[in-house]
Amino acid sequence: MRESVWAVFIIGIGLVSIAFVYFFQAMTNTDEHNYHLLKETTEAAMYDAFDLAMYRKDRSIRIDREKFVENFVRRFAENASLARTYEIKIYDVNEEPPKVSLQVSSLEAASVTDVMSFDIVNRIDAILETPY
């Protein structure tokens, strides 16, 4: 009888451990996906918003604010996961010198009981660098 109780205990501990590993792996994957998506989308949107006319006119490097926001939101929406709700906050967009500050947050909840939920927040401050 004692051996069967130990077997049930070990199997129970194993199942709980697997559930924790699965949950934290999902959170880590979500955080990593959001970070890389934010980083690459910001860089691409800054290049898209580059004001080529001003550069040709007086060699100044600047971006267009409205164009950046439009490109960023479009690119982010194309590549974001449809299973999550995202909140995008754009804190600062400097046109000259080109600098942006962004924050993307999403909510990750436990899939079994929805008792635990974590707000995953990624922030980035990006400066457009160009070689001279």
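Gln-103 lies in strand β2, which spans residues 99-109; strands (E, at least two residues) and helices (H or I, at least four) are DSSP runs numbered from the N terminus. The structure is a predicted model, in which local features need pLDDT of at least 70 and side-chain atom pairs count only at pLDDT 80 or more, whereas totals for chains, interfaces and linings use all residues. Residues are numbered from 1 along each chain as its sequence is written, and side-chain values use heavy atoms, with hydrogens and water left out.

With a relative accessible area of 7%, Gln-103 is buried (buried means under 20% relative accessible area, exposed over 50%, and partly exposed in between, for a 1.4 Å probe and protein chains only). The side chain of Gln-103 is joined to that of Tyr-91 by a polar contact of 2.7 Å. A polar contact is a pair of N or O atoms within 3.5 Å; within protein, one must be able to donate a hydrogen and the other to accept it, and residues adjacent in sequence count only if both atoms are side-chain atoms. Neighbours within four places in sequence aside, Gln-103 is in contact (heavy atoms within 4.5 Å) with Glu-87, Ile-88, Lys-89, Tyr-91, Val-121, Asn-122 and Arg-123. Ser-106 is also found in strand β2 and is buried, at 1% relative accessible area. Its side chain makes a polar contact of 3.0 Å with that of Asn-34. Beyond four places in sequence, the contacts of Ser-106 include Thr-30, Arg-84, Tyr-86 and Phe-118.

Phe-68, Asn-71, Phe-72 and Phe-76 are the buried residues of α3. Viewed down the axis of α3, these residues fall within an arc of 125° and therefore line one face of the helix, the arc being that of the directions from the helix axis to the C-beta atoms. An α-helix has 3.6 residues a turn, so residues three or four places apart point the same way. The face of α3 turned away from the buried side carries the exposed residues Glu-66, Glu-70, Ala-77 and Glu-78.

The largest nonpolar core contains 19 residues, among which Met-46, Ile-63, Phe-68, Phe-72, Phe-76 and Val-100 touch the most other members. Such a core is a set of buried Ala, Val, Leu, Ile, Met, Phe, Trp, Tyr and Cys residues joined through side-chain atoms within 4.5 Å. Two or more residues are given to this core by each of α1 (2-48), α3, β1 (86-94), β2 and β3 (117-127), and the largest share, four residues, comes from α1. Outside four places in sequence, Met-46 is in contact with residues including Ile-63, Phe-68, Val-100 and Ile-127.

Six salt bridges are present in the structure, each defined by a side-chain nitrogen of Lys or Arg within 4 Å of a carboxyl oxygen of Asp or Glu. Arg-75 forms a salt bridge with Asp-48, with the closest N and O atoms 2.6 Å apart. Arg-75 lies in helix α3 and Asp-48 in helix α1, so the pair ties together parts that are 27 residues apart in sequence. Arg-75 is partly exposed at 26% relative accessibility, as is Asp-48 at 30%. Further salt bridges join Glu-87 to Lys-89 (3.7 Å, N to O) and Lys-99 to Asp-92 (3.2 Å, N to O). Asp-51, Arg-62 and Glu-95 are linked in a network of salt bridges.
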